[in-house]
Amino acid sequence: MSISAASAKATSPHALPSYLNPDHPGPWGIYLQQVDRVTPYLGSLSRWVETLKRPKRALIVDVPIELDNGTMAHFEGYRVQHNTSRGPGKGGVRFHQDVTLSEVMALSAWMSVKNAAVNLPFGGAKGGIRVDPKTLSRGELERLTRRYTSEIGIIIGPTKDIPAPDVNTNEQIMAWMMDTYSMNEGATASGVVTGKPIALGGSLGRREATGRGVYTVGQEAAQHIGLDIGQARIAVQGFGNVGGIAAKLFAQAGATLVAVQDHGGTVYEAAGLDVHALLRHVSEHGSVQGFENAEVLSDEAFWGVACDILIPAALEQQITAANAHQIQARMVIEGANGPTTPEADDILHERGILVVPDVIANAGGVTVSYFEWVQDFSSFFWSEDEINARLVRIMREAFAAIWQVADEHQVSLRTATFIVACTRILQARELRGLYP
Ligand code: NAD
């Protein structure tokens, strides 16, 4: 870029900060493309669209801990609050060796969209530490979690930003986060995180909520395309909290689980894998690898498996231009966040494969997180049946509204979800106005 072009860009009222380069590939670049696609549908609210294209606040923290062998290790941690126009920030914390600021920014933005899509009174946020937690002892993991929580403690809180579990974080980590924040505040603050153990103010139904939401929108979408769940063949990538539970619920409804891929490999059985035996195997051995009575497939072959419903429930950017042509499914339900690249999205759309996007498909987890937060504030806890019934109602209503918008504008479900969500966020933005 010439100097004059660079200075023109720098002085433009809409110039993006250098770290928000829309040409930069990666999750944040994908999110920016998604916002661009929806902008023509926002009417007069599009004058506020720039607020969606940059996070409100991004904190990078150094997380030093003493390892068990007495040496020191430093890890980089992040907490990004993308938008708080509709309420406090809300979103998980990921511990993974590939975590980057760009990834956390995109995940925080998708949380803004997701929370608005299901009409929860939250903005969007996300956090993470660049670490492979499998290399740490339990004590090291606890020290890492507590130091990270202290470092981000300046911006989180029950009415400011409420973290939750994500990849490689769980109830125990939420318990340590809640305790650390509470110790620093001098008062027990159970509403500072969700996804806590039941004994600490966690909600019944939270552990299964994301998978249950995936299953619920899958049922609704299947009805629209005339697919009988009881006869459907399912392939799932990622057999953890989201993929494992979704697979179990589809199987309970009579569907046949034909293939599962996780970090250890891919197993396939045309006549159907035994879901309960596979869940047991994974909890004992850590992965699907070595599961008996199943064929082993190459990782690439997974994408071409004959199935009706494909559920990516692992990491982002898994369905790409390289494998989208192989997909046989009639619909893809995105359990993971950002599993489909925009190019792959277009290919699937052209091929008539329905994509139920992450921003609605995996919103069940944050919906029950919202119930947990409400229960913590009122110190009054609901039954699991009540929670599941409320979850299913919210997911069905949200899906119906999005389907209607997709039909009205003849756009994909992803664009329709963004239209519904971005309209709500920007309406709140406009009503609040700019301070000062
Ligand atoms: P998890 O840690 O419980 O499970 C992750 C699964 O992905 C594991 O089975 C793992 O083996 C598999 N995996 C990891 N790397 C892989 C690879 N390279 N190839 C194939 N499989 C791989 O995590 P989770 O909570 O189930 O989250 C999965 C996805 O769902 C993430 O994108 C997460 O952001 C999203 N999500 C989770 C929740 C929730 O409530 N847990 C809510 C919304 C969205």
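This is a predicted model: local features need pLDDT of at least 70, side-chain atom pairs count only at pLDDT 80 or more; totals for chains, interfaces and linings use all residues.
Threonine 210 puts a polar side-chain atom 2.7 Å from an oxygen atom of the ligand. I call that a polar contact, meaning a pair of N or O atoms within 3.5 Å. Residues are numbered from 1 along each chain as its sequence is written, and side-chain values use heavy atoms, with hydrogens and water left out.

Alanine 314 brings a backbone N or O atom to 2.9 Å from a ligand oxygen. Glycine 240 has a polar backbone atom 3.3 Å from an oxygen atom of the ligand.

Now the shell. It holds 22 residues, and the closest are Asp166, Thr210, Phe239, His263 and Asn337. To be near, a residue needs a heavy atom within 4 Å of the molecule. Seven shell residues are nonpolar, eleven polar and four charged. Here Ala, Val, Leu, Ile, Met, Phe, Trp, Tyr, Cys and Pro are nonpolar, Asp, Glu, Lys and Arg are charged, and the others, Gly among them, are polar. Two or more shell residues come from each of α6 (206-224), α7 (241-252) and β7 (256-262). Helices are DSSP runs of H or I with at least four residues, strands are runs of E with at least two, and numbering starts at the N terminus.

Why does the ligand lie between two domains? Domain 1 (53-188) and domain 2 (207-359) both give residues to its shell, so the ligand lies between them. The domain bounds come from an automatic or database assignment.

Next, the open space. The second largest pocket has about 450 Å³. A pocket is an open set of points on a 1 Å grid over the protein atoms alone, with protein on both sides within 12 Å along at least five of seven lines. A cavity is a set where a 1.4 Å probe fits but cannot get out, and lining residues have an atom within 4 Å of a point. Points join across faces, edges and corners, and a volume is the space filled by probe spheres set on them. This pocket has 16 lining residues; Thr51, Lys56, Ser85, Arg429 and Leu434 lie nearest its centre. β2 (72-83) and α13 each give at least two. The lining splits into four nonpolar, six polar and six charged.

The largest share, three residues, comes from α13. One lining residue is nonpolar, three are polar and three charged. The second largest cavity is about 40 Å³. Its lining includes Ile30, Gln33, Thr340 and Pro342. α2 gives the most there, with four residues.

Two backbone points to finish. Tyrosine 435 and proline 436 are joined by a cis peptide bond, with omega about 0°. Proline 436 sits in the segment after α13. Asparagine 119 is not a glycine, yet has a positive phi of about 65°. Look for asparagine 119 in the loop between α3 (101-117) and β4 (124-130).

Note on methods. A polar contact is a pair of N or O atoms within 3.5 Å; within protein, one must be able to donate a hydrogen and the other to accept it, and residues adjacent in sequence count only if both atoms are side-chain atoms.
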